Amino acid sequence: MKIFEVDFEGMWPVGNCLIIAANNFEEANFIAAKTISHTKKFKVKEVDVSESKVIVYLSGDY
């Protein structure tokens, strides 16, 4: 499995994110299209997980 981050404009002006575990880019793109229902404009990119790192951090401070 690989990790993918999806960049998209949220429904409201607060933090948003979509992180997907998928076998490949095509599968991640398919999952994103099925998940994001309010827009068709999004960009999927693979997250390099060869080193330890934070993938998502939403503090709730907006």
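Which residues form a nonpolar patch on the surface?

Modeller: This is a predicted model, where local features need pLDDT of at least 70, side-chain atom pairs count only at pLDDT 80 or more, and totals for chains, interfaces and linings use all residues. Residues are numbered from 1 along each chain as its sequence is written, and side-chain values use heavy atoms, with hydrogens and water left out.

The patch is formed by Ile19, Val49, Ile55, Val56 and Leu58. Together they have about 390 Å² of accessible area (Shrake-Rupley method, 1.4 Å probe; for residues, only the protein chains shown count as cover). Patch residues have over 30% relative accessible area and no salt bridge (a side-chain nitrogen of Lys or Arg within 4 Å of a carboxyl oxygen of Asp or Glu). Nonpolar side chains (Val, Leu, Ile, Met, Phe, Trp, Tyr) are joined within 5 Å, like charges within 9 Å.

Take Leu58. It lies in the segment after strand S3 (42-47). Leu58 counts as exposed because its relative accessible area is 53% (exposed is over 50%, buried under 20%, partly exposed in between; 1.4 Å probe, protein chains only).

Now the setting. The protein has one helix and three strands, in the order β-β-α-β along the sequence. These are DSSP runs, numbered from the N terminus: helices are H or I with at least four residues, strands E with at least two. Of the 62 residues, 21% are buried. The whole protein exposes about 5100 Å², and carbon and sulfur atoms supply 52% of that. Its C-alpha atoms fill a box of roughly 30 × 25 × 15 Å, along the principal axes.
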